[in-house]
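Reader: Please present the structure, and then let us discuss it through questions and answers.

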Amino acid sequence: MEYDTITAISTPMGEGAIAIVRLSGSEAIAIADSIYKGKKMLLEVESHTIHYGKLIEPKTGEPVEEVMVSVMKGPRTFTREDVVEINCHGGIVSVNRVLQLVLNNGARLAEPGEFTKRAFLNGRIDLSQAEAVMDLIRAKTDRAMNVALNQMEGRLSKLVGKLRQTLLETIAHVEVNIDYPEYDAEEMTHSLLNEKLTFVKREVDKILTTAQQGKILREGLSTAIIGRPNVGKSSLMNALVHENKAIVTDVAGTTRDVIEEYVNVRGVPLRLVDTAGIRETEDIVERIGVEKSRKVLKESDLILLVVNNNEPLSNEDENLFEAVKGLDVIVIVNKTDLKQEIEMDRVKELAGQHPVITTSLLHEEGVDLLEEGIAQLFFQGGIESQDMTYVSNSRHIALLQQTIHHIDEALNGIDLNLPIDMVQIDITRAWEILGEIIGDTVSESLIDQLFSQFCLGK
Ligand code: GDP
Ligand code: ZN
């Protein structure tokens with residue numbers, strides 16, 4: 001297949017003085033060669049080699065930039081097309097100059113994710129891997145990147161493949177019993193069917209439970225800072241923003257909304273959000289009442305409730321505690337440098353199992369403990385284990401939920417003693433839906449696979 005040649009700046013993850021302009025397509029090498037001057041012509045070099053030279057303005061021969069150019073011929077490339085990477089040191093200005101030069105000489109600016117799309121179209125990766133790369137492009141912290149990387153390496157695909165295999169075997173046995181009654185196959189009894197389906201359901205459930213955490217890792221834990229006026233909410237906000245590096249990755253050439261006040265606290269991405277003006281409004285509970293503020297607060301993944309060490313607890317404070325009952329809360333007793341007036345016992349009682357952390361934000365004390373508390377709260381669910389397969393893609397989540405639905409239907413049918421071929425319809429559907437996750441949908445292939453794997457026609 002032939003595609004036009006696309007290009008984009010693809011800065012490596014993390015900082016680094018090197019930036020890369022990447023080209024992919026049938027003309028990638030020719031275009032690069034037309035603006036390059038080195039010992040050899042790029043059209044003549046071997047694949048997967050790197051060359052030092054100068055980029056030149058082809059009309060005038062005027063040198064533009066010193067570069068290292070990698071030449072990689074398809075299909076042994078990410079897109080399976082010819083790929084050229086122009087490495088230029090220097091900042092944004094020189095990179096943009098190189099990009100402009102490439103664009104002026106026959107390449108087209110890639111759409112976000114287009115390199116990945118080509119890898120998929122050219123059969124280099126499956127759909128879930130392609131989507132993982134898209135997530136990777138948007139991933140904002142190292143940990144979120146790991147989730148995407150796991151998926152890219154095909155963990156989800158493998159797992160889904162295994163579950164499909166189990167379903168396929170189940171279907172095969174049912175088919176044998178229906179179509180070849182004389183065939184001496186093991187009878188797929190209802191209880192055996194039940195067992196297999198329950199197994200698949202449990203596995204899908206397991207994947208789904210990680211979905212929420214996956215989403216949070218990708219999008220950030222939406223965090224609200226609440227408390228009475230003057231307790232130190234803004235100070236806390238500043239401390240979190242200043243002590244932590246803001247957004248980590250930035251892949252130029254892809255459009256991305258800038259999310260303000262997005263910080264990475266020990267691997268936990270926090271999105272310090274202004275949920276319905278909670279941060280602005282100093283007294284949300286008084287304004288809209290406990291019940292309503294609960295509703296608003298529920299939309300946050302994490303609530304940082306700040307109280308003042310230097311004052312006795314007020315009604316307002318008590319209302320706030322009431323409003324956040326049962327949510328994920330960390331209580332922060334601030335201004336410990338001032339005389340303690342707050343009733344610490346009462347605070348602990350109100351906090352219940354929620355962590356209580358003391359800070360003196362004025363002196364930047366206690367922020368460490370708070371960060372530790374946030375990390376613990378989030379990772380206590382075992383999310384730290386890198387072995388798990390996280391789904392964070394909403395299309396995958398929807399498909400997994402549909403899978404569960406059809407397996408439930410099948411299990412239901414078994415319970416009701418429905419004819420086995422009716423139960424089989426739902427099993428087949430579950431198999432097809434799982435196939436959509438890895439982009440393998442055609443249902444005729446079910447027949448092919450049945451025959452190739454179980455030799456029914458023999
Ligand atoms: P907010 O109204 O809740 O956002 O509170 P601010 O963060 O604006 O802080 C209110 C005032 O308290 C400011 O003058 C801060 O400098 C001060 N403040 C914040 N944290 C501390 C602290 O730990 N100790 C003392 N002594 N003052 C603090
Ligand atoms: Zn404030």
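Author: Just after helix H3, Gly123 takes a positive phi of about 80 degrees; helices (H or I, at least four residues) and strands (E, at least two) are DSSP runs numbered from the N terminus. The model is predicted: local features need pLDDT of at least 70, side-chain atom pairs count only at pLDDT 80 or more, and totals for chains, interfaces and linings use all residues. Residues are numbered from 1 along each chain as its sequence is written, while chains are lettered from A and ligands numbered from 1 in the order in which they are written.

Reader: Which residues of helix H3 are buried?

Author: Burial is counted with C-beta atoms placed from the backbone: 20 or more others within 10 Å make a residue buried, 12 or fewer exposed, and a count in between partly exposed. Helix H3 spans residues 114-121. Its buried residues are Glu114, Phe115, Thr116, Arg118 and Ala119.

Reader: What percentage of the residues in the protein chain is buried?

Author: The protein chain holds 16 helices and 13 strands. Of its 458 residues, the buried share is 38%.

Reader: Which helix gives the most residues to the shell around ligand 1?

Author: The shell has 15 residues, where near means a C-beta atom, placed from the backbone, within 6 Å of the ligand. The closest are Gly232, Lys233, Ser234, Ser235 and Leu362. With three residues, the largest contribution comes from residues 233-243, helix H8.

Reader: Is Ser234 buried or exposed?

Author: Ser234 has its place in helix H8. An unreviewed UniProt entry lists Ser234 and Thr255 under "binding site"; positions follow the numbering used here, feature names are shortened, and annotations may be inferred rather than shown by experiment. Because 12 other C-beta atoms lie within 10 Å of Ser234, this residue is exposed.

Reader: What is the bridge partner of Ile332 in strand S13?

Author: Strands S12 (residues 329-334) and S13 (residues 356-359) are paired, a term that requires at least two DSSP bridges. Here the sense is parallel, over four bridges. S13 has a covered face, Ile357 and Thr359, and an uncovered one, Val356 and Thr358. The partner of Ile332 is Ile357.

Reader: Why is Lys335 classed as buried?

Author: Lys335 lies in the loop between S12 and H12. Although not a glycine, Lys335 has a positive phi of about 75 degrees. Lys335 is classed as buried because its count of other C-beta atoms within 10 Å is 25.

Reader: How far apart are the C-alpha atoms of Gly53 and Lys37?

Author: Gly53 lies in strand S4 (residues 49-57) and is partly exposed because 18 other C-beta atoms lie within 10 Å. Beyond neighbours within four places in sequence, Gly53 is in contact (C-beta atoms, placed from the backbone, within 7 Å) with Tyr36, Lys37, Gly38, Val67 and Val69. Gly53 and Lys37 are 16 residues apart along the chain, and their C-alpha atoms are separated by 5.7 Å.

Reader: What is the omega of the cis peptide bond from Gly74 to Pro75?

Author: Pro75 lies in the loop between strand S5 (62-72) and strand S6 (83-89). The bond from Gly74 to Pro75 is cis, with omega near 5 degrees.

How values were computed:
Contact = placed C-beta atoms within 7 Å.
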